[in-house]
Amino acid sequence: MREALEGSQAIARAISLCKPDVVAAYPITPQTHIVENLSKLVADGNLHTEFVSVESEFSAASVVLGAAAAGARAYTASASQGILLMSEVMYNISGMRIPLVMTIANRAVGAPLNIWNDQSDTMAVRDAGWIQLHCISNQEAVDTTIQAFRLAQETELPVAVNMDGFVLTHTMEVIDVPAQAEVDKYLPPFEFSRKLDPANPVSMGTLVDPNWFSEVRHSHHAAMVKALPKIEEIDKAFAKVFGRASGGLLTVEGDKKAKVAILAMGSVVGTMMAGQDEFKDEVGSARIVKLRAFRPFPAKALRDALKGVEKLVVIDRAISPGLGGVLGTEVSAVLSTMDNGPKVYNYALGLGGRDIQASMYKDLLKAIENPKAPRFAIFDADLKKLPPEDR
Amino acid sequence: MATGEAVVQIAPNPAIALKRGAEALAGAEEPEEPIMIEYRIHGRGGQGSVAAAYLLAAAAFEAGFTCQAFPAFGAERRGAPVMAFVRIDEKPITLRSQVRSPDFMIVQDDTLLLDPNLTAGLNPEGAMLVNSRKPASEFKKSKTRVIAFPATELAVEVIGRPIPNTALLAAFLALTEHVPQKALAAALKGRFAGPVLEKNLELIAKAADTVEKGAWKEKAHA
Amino acid sequence: MAPRSDNSKRLNELRMKHGRPPAGPNEPKAAKAEPTLREQQPRFRGLESGHRACQGCGEALAARLVMESAGPDVMVANATGCLEVFSTPWPQTAWRVPWIHSLFENASAVASGMEAAMKAKGKNTKVLSFGGDGATYDIGFQSLSGMLERHHNVLYVTYDNEAYMNTGIQRSSSTPHAASTTTSPVGAERMGKRHLKKDLLSIVAAHHIPYAASASVAYPADLQRKVRYAMGVEGPTFLVIHSPCPLGWRHDSALTVEIARRAVECGLFPLVELERGALTNIMPIRDPRPVAEYLKLQGRFAHLFKKNDYRAAEELDHLQALADHNIAIYGLRGEGTDPVDTTGVAQVRRGGPLAGRN
Amino acid sequence: MGEMTRGQYADAGTSLDFKTGNWRSTQRPVHVHAKAPCHTACPAGEDQQAWFALLQEQKVEEAWKSLVSANPMPGVTGRVCPHPCETACNRVHVDGALAIHNVERWLGDEAVRLGWDYPVAAPAKDAKTVAIVGAGPAGISAAYHCVRLGLKAEIFEALSEAGGLLRSAIPPTRLPRGPLDAELGRILDLPGITLNLRQRLGRDVTVESLKAQYAAVLLAPGCEKAKPWSVQGAVPADLHEGLELLRDFMDHGALPDAAKGDVIVHGGGNTAMDICRIMKRAGAKSVTLITASGLPGPDTAPDDLINVVPRELEEALEEGIEVIDHATVSRLIMKGSKVTGVEIIALKKEPGKDGRKRRVEFEGTERVVSVDMVVPCVGEQVDPEGYEGLLDGAYFWPDNAGGRVAERVYALGDARGSRGTVAAAIGDGRLAAEAAAAELRGEDDPSADDRSTIGIDALNTAYYAGASRTLVAKLPVSERTFEAEIEGSISRTEALAEAQRCLSCGNCLACDNCWTMCPDNAVIKTAELAMDGSHYVFDYDYCKGCGLCTHECPTGYIQSVPETN
């Protein structure tokens, strides 16, 4: 049913449709509205779940770890510092191959304190072993959340659904909220084969010595790699039931033949699409690669999507100081095995919530026309604002 | 909660004509791509500016449009200047940037206009509705149309609280006819209930009556 | 669904060997072998032999006693620490209950989640949470407080061996005053730990939880009574068990219980019970011992017995004063003989302990 | 090698694959049923701990049966024994020794009262017969043990009644005739025992004739003859030796007239104590015991302690007997051949040239006391008639436990120079019977019980406290007569309560401490429970040898021994 809903409210509704047994979350801007909406659903009797109002994100992650290990469908949400506080637990959840779902309302990481959107938080936990999916709209966030529960269950891996803080979480837009009956058809009840059960007791979280650790890591990596087709499969299955997909591992938007491409994750993709609509006459059209799966990283799909591209702008919403953009660096790495791969321009922008206008499309494409264009820059930084020695 | 059913079916929509031009209304053979309308609402924390944006978007949704509404996020507290943005269109809206050049502005507190930059980017063919007892001329700095309307007084009179947002929205929609009043009422029903809803419905009816209906229906001729 | 790893053959062998009861619902029932002597023990072996605790480990003893009284319809969230490491080196585990270890500081929160899951599923399986003093007094303090405040139906047991033993005897906030550890060593300028042992039980009790108590491995019957009582309480309960560490306290492995007993008898480790924050029971000390009798058995206090060092005498007096203070504030001095005072509760007779066990 | 499980889970209880038993590097716990000190100290060879264990289980008859497997006369020894078991009792270090003799006496009396059968069977018709000379405690015990071992016994007693010194030398205030007769009678009534009275060795029978007629000969004649006594060669004309006085008094109820005045008794045994008290009770003005030994006190060495039943000494002092210890009579002051006074000199033990301590007189400590009578009570010896060639001086000195002095000939009881108590005589009866039975079977002497004795240090006294010794009523001094038994008896309740005080030294209490306190779950128990601890099993596959069970075993039944792996 189509409704005008705030993003956070829509996510809460989606969670409710997935019937989690346990929800634990600690409020943090801009995730707060999700927690509030869930609390309200519980208070009104519209959601029957054990809602654990924890005292920190660290405990939120720990609670869902324990709950899922005990055989419950579990969900949490956080952002920014909260994700960093959770990070230790996140490694644990994935290391024990515990399936659960988390929404990350992406936000910058301090200091300085900054509550606005970028993707530094999710990038800080890129090696935590979670499946990380990015959404460009609240509709995608809703759909991906529902898919994430099935994905987690089938892969026995935790799934983080990323949605840009404020830009999506606080934006009201028209959402087609799936019907409960259809969600029930799509999403089987939660089952966890290794769950803690007195009838069949196992010990989880054992000590593994060096003789076995490489194999453990290999199996985790292999599970992530095997999740690539699973992500596509589950998205397709979703489309079958609900009539729309969320973009599998990645999709190519805009001019699919263009020799110039822009690759990005999250809501900025939409702005680039709008920018292309507005400015294609001026700077030409581009392939716009909407990357949905960041972990596992779809190397082959990326190379396929970028065949024939000469110049590629990778938009990063986070940086790794001293190296450059995170996504850009990773894209460059996977393109290194490609014959005649594109020249990669890695531009970070919109850090800490700086507004990205549709005209950015034009600005980016113009910038790379210059043969001396830098391969990495924080594109929207005005260096004049800095003392010379800090430029 | 919104009902999900478009309460009014209006096609072609007069509001869209704003940007399409008069031809569309006349039923031209090749109507242009529908063009998005952008709004910016200014106010102070506590006046319900974000709520007004959500209401406007919800009303548009009730009228069958796609919509987008979001605040300019900040750590502002009660009393501080805030703004919120609304986009209305007939096709999905992918643009996520803040509205820098609104077609229309609603200003909930006339003191905000002491800042000359407040109206920066406002479409000269658009218009601005100001909540004020002062005459509109006080705020008219350019050719852009301005109407002043004492929404706070009306709100105090009808609902007993100095929250001007719904009165302003009603007056605004009466002026622009972008979305029918019935859609606004439906949006209010999705947000309020009981006496609050009743009072607000009374308020928007009165507010709509205080302005000249359809005055901003047409594009301004700069 | 992803299958469990397919080493079922080996697991089946183990089951045949150790007589593990028929496992998963999908697994074929193993032929019923004659139960071994071990399997016929009239108690629940929640913590099985073959764990790798040091000789004379107080924590292993305490955990074994707790599991006997609590199991088998329980599940455990265990913080990082000796107990976790010595019990579960993959592919083996000494536990016979569902058990999970996540991190050092989150056992309470993991237990909260498990409990929430049980609630959501309408099951009565009681959730236990285990941690050492490091995991409880220090790094896991916040998640413990959160768990208590949210009133989860969890029994938290802290095995208090008064230092970070897993990493090699570093001081914790539970380390007693003047004890020597590798991070509170004795030297020309220092007489061991400069600060006092944190009174965690009072802090826990201040959450006004239904039941909080201290116990000691020296008094198994009392310990197990407290576990059973806590198991019957709906809501958060807390037990701190004094668990000597032969390695870290530097004493003979045979003296684990002796030292624990003296700790109680001198007043340095009072055995008390608090309900909703109010003191409801204590174990009276029949004949309080001087603290020196407790301290002198342990290498970590050896510096207090150095001759001709005024600081040694001073610290010894300080510890005696702390013990006396405990005796005073909890009213530990018994009046005459009491069948459940420190001496009475330990009494044995032919065929079992006087006070009854299990 | 297995496969890595997903999420690295492990299956319950698989740690059993990891045998921690090989961590034992220095010690392993073992069950050692060491001797309780009471058992070690008991001259009769009773295992008090064993029968107390049965009493702790309320198994009273079984307890008595266990007791009489060593000592068939608990009603007697419970009255007359100086109970070295109580002196040795480890509970002394906790809150006072167990009242073993009181419980023993109660058990003996219960057996008589309830007519419990001795745990012996009638010997086979063709069983060999052993001749026993003397129907005192040693002989009676020997006869009983012969029957117990399947032999017949034929006793030859010189007097007209059985009982030996029990009857002739122990006053009824200590050993009333009722219990004595009952217990003796029950033994003598056992099938396979024949008693021949008025058969004196040397006169009616000889060792050789007995040896020819019987499978073995057990000599238990006791010491009937007083040791010669003189002071520097002086012997008063009217000398009355202690044992003789005692016998006369018990036979005729009269003492010499001089016994009305000031009396000095010289000696230090139970006979001396008995005669002191009888004379005092009979109206002596004063009775003073001069003894070379020491009185009980914190500094008194065990080998220096006066060899009397402690309670007898206590009662004697209550009754006004004076004791001068560490002293001897150095001179008799005579008026003609009649003694009028004695010179007393202090003694002290000093090491001699050979390193052994001997008593030395201290010059300058002499004092003279005027007396009407001096009664030497320095001991008795075997009447040598008929034992020519077997005695070594005044006594038999066999060099083995069984008392073998010649082929198939054994000496037992007081006649052995090293004995001196009823309990020892009873013990000898058992040892001699066992040795003789072995010899008849062509076997070596039964090997002695060489288990170690468990001391207080091996016990964990934390598990015992707060049960004081049962107090037993005694006749007040004013009510003491020549007949009435002075010490009272105890009730069943008191006896069973006292039994609960037994620490069970060296023997498992089945208290579950080891089972409860093993951190490694390496103590398991069998489904069948036993009271002797045989149901506890060390699982050496997992025992790490920490020693905790050893330390926490209350009784010392678990001991750590060096690991031999």
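Modeller: In this predicted model, two residues count as being in contact if their C-beta atoms, placed from the backbone, lie within 7 Å. By that criterion, 56 residues of chain D are in contact with 54 residues of chain C.

Biologist: Which elements of chain D give two or more residues to the side that touches chain C?

Modeller: They are strand S1 (10-11), helix H2 (48-56), helix H16 (513-517), strand S19 (523-525) and helix H17 (548-552). H17(D) gives the most, with four residues. The residues on this side of chain D divide into 25 nonpolar, 19 polar and 12 charged.

Biologist: Which chains have the most contacts among the four pairs that touch?

Modeller: That pair is chains C and D.

Biologist: What makes Leu218(D) part of a nonpolar core?

Modeller: Leu218(D) is one of the residues with the most contacts inside the largest core, which has 473 residues. Beyond its neighbours within four places in sequence, Leu218(D) is in contact with residues including Val130(D), Ile132(D), Tyr410(D) and Leu412(D). The largest share of this core, 12 residues, comes from helix H3 (residues 49-62) of chain B.

Key. Residues are numbered from 1 along each chain as its sequence is written. Chains are lettered from A and ligands numbered from 1 in the order in which they are written. This is a predicted model: local features need pLDDT of at least 70, side-chain atom pairs count only at pLDDT 80 or more; totals for chains, interfaces and linings use all residues. Ala, Val, Leu, Ile, Met, Phe, Trp, Tyr, Cys and Pro count as nonpolar, Asp, Glu, Lys and Arg as charged, and the others, Gly among them, as polar. A nonpolar core is a set of buried Ala, Val, Leu, Ile, Met, Phe, Trp, Tyr and Cys residues joined through C-beta atoms within 7 Å. A residue is buried if 20 or more other C-beta atoms lie within 10 Å of its own, exposed if 12 or fewer, and partly exposed in between; C-beta atoms are placed from the backbone.
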